[in-house]
Amino acid sequence: MSDSSDERTTPDPETRPSGAQAAVPGGPRPGGDARSVDDLDDDAPPITLTPNQAKRASSTARGMLIATGATIAVVLPVYFLNPTYTAETYRRDVDVATVARQAAGDAGYLPASPGLPDGWSSNYARWVTGRSDGVDFWEVGFLTADSGFIQLTQTDDANPTWLAQRVGDAQVSGTRSIGGLEWELLDAPDGDTVLTSEVDGATVVLNGEASLTEFDTLGGAVIEDVRQNAVEEAERLSSYDTDGS
């Protein structure tokens with residue numbers, strides 16, 4: 001028996017029935033519309049909005065524009081009334097000596113108001129009281145001639161806890177001699193420098209971001225002023241005792 005009858009044969013293209021077409025992937029199906037997809041899209045009916053839909057869309061757009069305009073109207077005045085904060089913004093040139101005299105009655109002594117070179121100024125001076133630790137102190141902020149900043153803190157009632165709070169996380173890195181006194185030098189994690197010392201019974205803390213030369217300038221001026229105030233206070237008390245006797 002012959003096996004030739006089981007063999008599958010492929011019709012020769014030349015023997016295909018007339019009018020038959022081969023199906024090409026992605027192409028038009030045999031007997032179908034041969035137009036491109038773009039042609040079909042061009043024939044799609046345009047999307048139109050009803051009058052009510054167009055009105056709602058227009059109202060939404062107007063509402064967004066009005067809301068944006070209102071926001072800008074609120075923000076702009078606030079922006080222009082709050083300029084960029086720089087060292088000059090805080091340069092108020094406070095009269096430290098006058099504030100110190102006003103604070104003397106509460107302090108029980110005349111707080112330091114050191115004389116400093118040209119170019120230095122103060123942006124605040126205050127007597128701080130009523131704290132939970134019970135330590136009242138004098139605090140002044142100084143702006144240096146080179147745009148640095150140093151805060152002066154002075155008290156005659158310091159204790160180890162208060163001092164630890166004032167220096168925060170600063171770590172001792174050495175000592176520095178200023179005005180004939182030895183100051184403990186500390187470096188804070190944020191880059192600030194801290195100096196502490198005892199000046200004629202008063203605890204003085206200097207901290208901020210400035211050069212060590214500027215710390216020397218302020219420290220020397222503070223020592224001189226604290227000692228001068230102590231002399232004047234002693235003379236005043238002596239005069240009072242003499243007049244009262």
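**Entry 1: confidence**

I began with the confidence of this predicted model: the protein averages a pLDDT of 79, and 67% of the residues score at least 70. For my own reference, pLDDT is the predictor's confidence in each residue, from 0 to 100. I then went through the elements, which are DSSP runs numbered from the N terminus: helices (H or I) of at least four residues and strands (E) of at least two. Strand 3 has the highest mean pLDDT (98), and helix 1 (residues 37-42) has the lowest (52). Over residues 13-32 the pLDDT is below 50, and this stretch has six contacts beyond near neighbours in sequence; a contact means heavy atoms within 4.5 Å. Residues 78-89 also stay under 50, with three contacts beyond four places in sequence. Where pLDDT is low, the predicted coordinates should not be read in detail.

Two housekeeping notes follow. Residues are numbered from 1 along each chain as its sequence is written, and side-chain values use heavy atoms, with hydrogens and water left out. Local features need pLDDT of at least 70 and side-chain atom pairs count only at pLDDT 80 or more, while totals for chains, interfaces and linings use all residues.

**Entry 2: the nonpolar cores**

Next I asked which residues of the largest nonpolar core touch the most other members. Of its 28 residues, they are Trp138, Leu152, Trp183 and Leu206. A nonpolar core here is a set of buried Ala, Val, Leu, Ile, Met, Phe, Trp, Tyr and Cys residues joined through side-chain atoms within 4.5 Å. Buried means under 20% relative accessible area, exposed over 50%, and partly exposed in between (1.4 Å probe, protein chains only).

Several elements each supply at least two residues of this core, including helix 3 (96-107), strand 1 (121-128), strand 5 (181-187) and helix 5 (212-244). Helix 5 gives the largest share, five residues. I looked up Trp183 and, leaving aside neighbours within four places in sequence, found contacts that include Arg176, Ile178, Leu195, Leu206 and Ile223. A second, separate core has six residues, among them Ala170, Leu186, Ala188 and Val205.

Are Thr193 and Thr196 buried or exposed? Thr193 is found in strand 6 and counts as buried because its relative accessibility is 11%. Beyond four places in sequence, Thr193 is in contact with Leu185, Leu186, Leu206, Asn207, Gly208, Leu212 and Phe215.

Thr196 lies in strand 6 and, at 10% relative accessibility, counts as buried. Among the residues Thr196 touches, not counting those up to four places away, are Leu163, Val167, Trp183 and Val205. I also checked Thr196 against Gln154: they are 42 residues apart in sequence and 10.0 Å apart in space, C-alpha to C-alpha.

**Entry 3: pockets**

The largest pocket holds about 190 Å³ of space. Its lining includes Tyr109, Gln154, Asp156, Asp200, Asn229 and Glu233, and helix 5 gives the largest share, four residues. By class I noted six nonpolar, three polar and three charged residues in that lining.

The second largest pocket has a volume of about 160 Å³. Of its 13 lining residues, Pro114, Leu116, Trp120, Ser121 and Phe142 are the closest to its centre. Helix 3 and strand 1 each supply at least two residues of this lining.

For the terms: a pocket is an open set of points on a 1 Å grid over the protein atoms alone, where a 1.4 Å probe fits, with protein on both sides within 12 Å along at least five of seven lines; lining residues have an atom within 4 Å of a point. A volume is the space filled by probe spheres set on the points, which are joined across faces, edges and corners. Ala, Val, Leu, Ile, Met, Phe, Trp, Tyr, Cys and Pro count as nonpolar, Asp, Glu, Lys and Arg as charged, and the others, Gly among them, as polar.
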